[in-house]
Amino acid sequence: MRPQCLPMPDPISELLGRARRRLTVMLAAHSFAWVIGIAALACGMLASLARVVVLPWADTTIVVTMTVAGLVALAIVVQKRPSIRRTSIEIDNRLGGYDRVSTAVERLSDSPVLSDVERTQVNSATAWANGRSLDGFGPVLVTPAILFLAALALAGLVVLVVAPSSADAIANEREAMQALIDEEADALEELSEELPEEVAEELRAIVEELRAAETLEEALAKLAEARQTLSNMEDPNELAKKTALAGLAARLAQQPLSNGGSLEESLAAIAESLAGATEEEKAALAQELADRADDFAGIDNQLAQALDNASSALASGGAPDLATVGEAAARTSADVSTSEAAGAASAAVAESQRMLSDAAAQGQGDGQGDGQGEGAGAGQGEGAGEGQGAGQGQGTGQGQGAGGGGGGQGGAGTSPGATNGGTGSGSLGRGGFSDEDPLAGPVRGDIVDAASVTSNDEVRVDIFGNLLGNTVGSAEGTGLANTPSVSYQDVFEQYRAEALDSLGGLTVPLSLQDIVNSYFTELEP
Amino acid sequence: MTPEEFSTHITDVTNEVHKVVVGQDELIRATIIAVLCEGHVLLEGVPGLGKTKLLATLGSVLDVSFGRVQFTPDLMPADILGTNMLSNGQFEFHKGAIFANLVLADEVNRATPKTQSALLEAMQERHVTLGGQTHQLPRPFFVMATQNPIEMEGTYPLPEAQLDRFLFKVTVRFPTNDELVEIMKLTTSGHEATVSSVLDGEALLAMGSLVRDLPAASHVLRYVATLISATHPTADHAPDLVRQYVRFGASPRGAQALVLGGKAHALMDERLNLAAADVRAVAHYALRHRLVLGYEAIADGVSADAIIDAVLALHPQPLAED
């Protein structure tokens, strides 16, 4: 059983208290100097590395390491805080006590009763401790050199962390790029909610892949891939179908048997009033259905067949199956909607692609030049090519962007001038991903009446370069001030022949082919 | 015996001895410490340094019985221990020179090992057994031996086991010039110094008891243990010098000598506890004859004192471990 401790004389107790506090402070200074110093040195090396190599985790690691180092130093102080016995030994060792205090403390702690000699020894130690100064105890900062080095390492670490570096800029750029990617992903996701499920599902998958992209280049690659996928979902005959459907609806609405409403309403009205129709009305309707069947021939055979069957039935005096016509038309309309949605999604993806490309180009440095190109400008009679073709009739051209906020080289194109009697030429502006939005030109599917453009106007011509009708370049120019190198009259016939030949090989509705024909008729010299 | 009385007695004894012995403070102090511990002392020094004079003077200062034996090769154990002699038809034990409180064994290394062994056995056992009878030696009992380190011919160096029985081995240094002058003045004039007895055997035992009662803190005892084990070449905390030159380190008797001698040293400094400084102060006396050095040490001229210095340098003070 541990003997009961004897009371410690006040002078010894007071000296022990002071010495113990001093030792604790010394231990804390020592521990913090070593642990924080070593941690600061290691973190300093990491921070130095992070200034030349982008390490996104560096700052977090440094903060965590320094925090852990502080906690470790604190734990050391708590764990190794000197005991009373140890403090008494330190007093004797440091103040030349010849083990007086430690012997007295041990006797008082361990012996229930003191012998005469021990009591005398305790009294001697008490007298020695009374009012004893700690001046000879040694400096609080036992290792000033270590403390200085630790402070130096800490200061260096702070400077390395706080001072801006090129790696920080790169990291910030990457963060901004990631934010941009997320922003574009959000926009695409929002768009997906408005699209048909088939396209929306595809777009959501694209969004997921876009969010998973770690670099801008990877995001751009995914967007390019997604754009191709969406393009594949587009119906190449979409415009033709849409036009033919519009024509079908308009023509049926003009039928006497129709009520002048939508296609479905017209078909329903015709079906109801067919029994009371005259032979002339039936014949006219049969002819109209046959004509419209021709419109759909090659682009939607099912609907064309349904129209043809209905026409044949009417012509033979039978009852036309207008319900089948309606169903086929509804399906075609749905196909067109899906294709349009895919187109819209593709356009949105393209917009995202452009945004990210601009950002990437800006990241590489602004103003790599506006690029230049040359080519025969499209005179104002040319309008904009569109649709499925490669801008037939308006000359050919191509351009490819080279980023950099406008760098690019333009394409070349020639075309007959419309009213200035010569082939215009103009400098080609920017192509590809330019500062100006190349997609802001004629909306795909719109029909531009090039003949309405006056000769003195500066025009902009968007050149469509592939079968999908995607814009790959644009040109701006004025045809007036140019000296024609080829006479308009000399090339007109050639151009008209080529245009008409092209029309023959394409699935352009007949009603639209008429527009092309009338165009060349009006231009005929 | 109070510490104050202890201090007074020490002062008296020292002053009396200094009437005859010039200088040699360290030698006198070490010898008195050994006396206080009731331990045996081996004085080693070249002839003429006052070894015998010191011990003889000490015998006079202390009011105890004093016996002196001049060790020679023909000295027999019976000359030291005593013998049974036939007297009036009965064997009667005649005590030898060892039956005294303070025995001076002069030039102990000149006797044969058999005689040395008889003396050293009695030193350890503090009694003599002869003819089946045991005869207790008086108390206090001290043997103070001298030996000459330079004359090896016709001598029998004490074996390590017997050296271990001496509490201290004190090396007698050559006096300084001033001391030599004083010695000449003192010994070449008509005046002969006389000393008086200032301390009897009873007081000496009381002082020895006070020495043993002196408290020693556990960390100081651990320090002693550290020093002793550091003299062993296989110890982890032994200095390189020990590993290189020491064959066997100090025995537990060495630890006892450090503690007891240290306590006496503390009391002589008027302190009432054993301190590490006291242990260090007596370390050379207590350990130098307890280290068995290898032939490399002799070849390289490395002394036991140098090795003890290395041990003390490696362990300068007790560790303040919790």
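Biologist: What should I know about the model and its labels?
Modeller: This is a predicted model, in which local features need pLDDT of at least 70 and side-chain atom pairs count only at pLDDT 80 or more, while totals for chains, interfaces and linings use all residues. Residues are numbered from 1 along each chain as its sequence is written, and chains are lettered from A and ligands numbered from 1 in the order in which they are written.

Biologist: Which residues touch the most other members of the largest nonpolar core?
Modeller: Ile98(B), Val103(B), Met144(B), Phe168(B) and Leu258(B) do, out of 104 residues in that core. The largest share, nine residues, comes from α11(B). Domain 1 (3-186) and domain 2 (214-314) of chain B each give this core at least three residues; the domain bounds come from an automatic or database domain assignment. Apart from it lies another core, of 26 residues, including Leu245(A), Leu285(A), Phe296(A) and Ala310(A).

Biologist: What counts as a core, and what counts as buried or exposed?
Modeller: A nonpolar core is a set of buried Ala, Val, Leu, Ile, Met, Phe, Trp, Tyr and Cys residues joined through C-beta atoms within 7 Å. A residue is buried if 20 or more other C-beta atoms, placed from the backbone, lie within 10 Å of its own, exposed if 12 or fewer, and partly exposed in between.

Biologist: How many helices and strands does chain B have?
Modeller: Chain B has 14 helices and 13 strands. These are DSSP runs numbered from the N terminus, with H or I and at least four residues for helices, and E and at least two for strands. Of the 322 residues of chain B, 46% count as buried.

Biologist: And chain A?
Modeller: Chain A has 16 helices and six strands, and 37% of its 525 residues count as buried.

Biologist: Which residues of α1(B) are buried?
Modeller: Phe6(B), Ile10(B), Val13(B), Glu16(B), Val17(B) and Val20(B) are buried there. Seen down the axis of α1(B), the buried residues fall within an arc of 135°, so they line one face of the helix; the arc is that of the directions from the helix axis to the C-beta atoms. They pack against α2 (25-36), α3 (51-61), β11 (199-200), α8 (201-213) and α11 (252-268) of chain B. On the other side of α1(B), Glu4(B), Thr8(B), Thr11(B) and Asn15(B) are exposed.

Biologist: Why does Ala29(A) count as buried?
Modeller: Ala29(A) counts as buried because it has 21 C-beta neighbours inside 10 Å. Ala29(A) sits in helix α1 (residues 10-52) of chain A.

Biologist: How many residues of chain A are in contact with chain B?
Modeller: 18 residues of chain A are in contact with 19 residues of chain B. On the chain A side, α3 (84-95), α4 (100-110) and α5 (116-129) each supply at least two residues. That side divides into three nonpolar, eight polar and seven charged residues. Here Ala, Val, Leu, Ile, Met, Phe, Trp, Tyr, Cys and Pro count as nonpolar, Asp, Glu, Lys and Arg as charged, and the others, Gly among them, as polar.

Definitions and conventions. Two residues are in contact if their C-beta atoms, placed from the backbone, lie within 7 Å.
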